[in-house]
Amino acid sequence: MSAQYLFNGIVTGGILALPAVAFSLLWKLLRFPNFAVSAYLTVGAFAALTANRGLGWPLASAWLGALAVTALVAWLVDRVTFRPMRARRPFSLAIASIGVTFVLENVIRFVWGNDFRAYDVPVTRAMTWAGLRIGREQLDILGVAVALMLLAQIFLTRTRLGIAMRATADNPPLATVKGVPTERVIGLATLGGGALAGGAGVFLGLDTSIDPLLGAGLIISVFAAAILGGIGSAPGALAGALIVGIVEEVGTLVIPPTYKSAIGFFIILVVLLVRPTGLAGART
Amino acid sequence: MTGYLVAIATLVGIRALLALGLNVQWGFTGLVNLGVVAFFGVGAYTAGLLAVAGVALPAAWAAAIVASALAGALLATVALRLREDYLAIVTLGFGEVLRLFLLNEAWLTRGANGITGIPRPLRSWFPAHYDLFYLGLVLGCVALIYLALERLRRSPFGRALRAIREDETVATVAGKNIVRFKVQAFVIGAAVAGLAGILFGHYLAYIEPNMFVPQETLFVWLALILGGSGNNRGAILGAVVLLGLLEGSRFAKDVIPFLTGVRLAAAQQMLVGLLLVVLMIKRPEGLLPERAP
């Protein structure tokens, strides 16, 4: 019985990991918490909904479409909003990102309304294995999330651009002096971060349901995962996401499920009190 | 029509108080509070619940202000220990968790039904023009807080806050305890938001959890940035202009046919978000820029 909660927690953690890594790396790179990641999740979910329900695409192609659309939206937001503000106090950018979140969320609400929606996917029977009920979608989500995390890690540690990205995050003036094209690196990170968040939004819509507050409902958990992992650490954010996901699911055994989204908030408070640099302990 | 104007002016006054409180935090000190609505809610609920339980109003109000200030002190102390941007996240989370609490702990907060019959102060003294009296009360509070915060702005304390906002290293070298000043500034702002909540609850005589949603926080931010952060008069002016904007856009429904209730609300929030972004990029100093005291 409780193994079922653990499994569900790992799936939730897999979904959380994608925006958590994006949020954490963008925070380190751009030096402000980008709240618009919340809206990117929702944009991804609705982009896939449009392709899936509107154009009749199967969900796999709709998911790829959502990656592209969300990456593009994130890049446009960065270009129009954050780029002109790069030299300003980081908090000004954080405020602007809240404004962006409301704009995107309400464009979606204006078009689709507040109803809960679902993707058009064939109904499959859940498998039973060692007493666990495992949905086909849950396996797909977990597999793709693991693959994406591996890709991100390989990109960050093995490619020139990935290493340049980490260098820029660590020390922007030094990276610039050494010839790293800062704006290109930021542009690429934004595209990648947007794609990760958008893909996770589709997963979340598949796992639960789709409405304009989809991203807003998850964002505290995303923050908790990133802070728990240590800002700027991709493996940290992944570990943080798994822990937050598992604690949230298993926690419903002890506390009323209505408080599920409060768990992330309390994890943040505990981390700030006990180990404010997070698991990875990166200098901040 | 007069009734409508009086009601609007009362709500402008309450939002002006919220903007004044946020101005101490963001305008003076550079602290990001994304949970303005939560401190507003703590004030409204504490005062409302105590008043309905029969506690004398002055005592209920004092308790409500203390509760808001305490919530601010706790959050700021935890969040500001390491780095400042955690404050933004913690306050945003607090807003969400408070709303869950208000909705689910019906034994204390009466849940989604809300609190009805919150007494209106000195109702029997003004049988005829009570709403005018209440408007006077709200505007009196705005004037009082404005004067107090103007004094604070010109005081050595206010100067220290600005120094911290501009350059923490320099302020540290000058011997200032940065974290303590920040927590104090945050608590003052939270207490002012609590006062606004008290006035809000007793004005409507009814409060429920969905009055305290994140977009209220966004509105207060827009009011402050629009009016001019760092400038107390700007905070008040911003609240006036914002309400004009929101009320004005309500009439768009009569002109544009396909604008349903949901769409109108969405369009309003879209406009507010967009305006905030454009101001942050193009005119961060607002209508009335900050002036040296």
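Reply: In this predicted model, helix α11(A) passes α4(B) in a left-handed crossing.

Me: What describes such a pair of helices?

Reply: Two packed helices are described by the angle between their axes and the distance between the axes. Here the axes of α11 (residues 260–274) of chain A and α4(B) cross at roughly 145° and come within 9 Å.

Me: Which residues meet in α11(A) and α4(B)?

Reply: From α11(A), the residues are A:S261, A:A262, A:F265, A:I268 and A:L272. They meet B:Y86, B:I89, B:V90, B:G93, B:E96, B:V97 and B:L100 of α4(B). By class, this contact has nine nonpolar, two polar and one charged residues.

Me: How many residues of chain B are in contact with chain A?

Reply: The size of an interface is often given as the accessible area lost when the parts come together. Here it is given as residues: 34 of chain B are in contact with 37 of chain A. The elements of chain B that give two or more residues to this side are α3 (57–79), α4 (85–104), α10 (214–227) and α13 (261–282). Of these, α13(B) gives the most, with 13 residues. By class, the side of chain B that touches chain A has 24 nonpolar, five polar and five charged residues.

Me: What does the secondary structure of chain B come to?

Reply: Chain B has 13 helices and zero strands. Its radius of gyration is 19 Å, close to the 19 Å that the globule rule gives for 293 residues, so chain B is as compact as a globular protein of that length. Buried residues make up 48% of the 293 residues in chain B.

Key:
Residues numbered from 1 in each chain as written. Chains lettered and ligands numbered in written order. Predicted model: local features only at pLDDT ≥ 70, side-chain atom pairs only at ≥ 80, totals over all residues. Contact = placed C-beta atoms within 7 Å. Helix = DSSP H or I, 4+ residues; strand = E, 2+ residues; numbered from the N terminus. Nonpolar A, V, L, I, M, F, W, Y, C, P; charged D, E, K, R; others polar. Axes fitted to C-alpha atoms, helices over the stretch in contact; angles between N-to-C directions. Left-handed = near helix turned anticlockwise from the far one by under 90°. Rg over C-alpha atoms; globule rule 2.2 N^0.38 Å. Buried ≥ 20, exposed ≤ 12 C-beta atoms within 10 Å, placed from the backbone.
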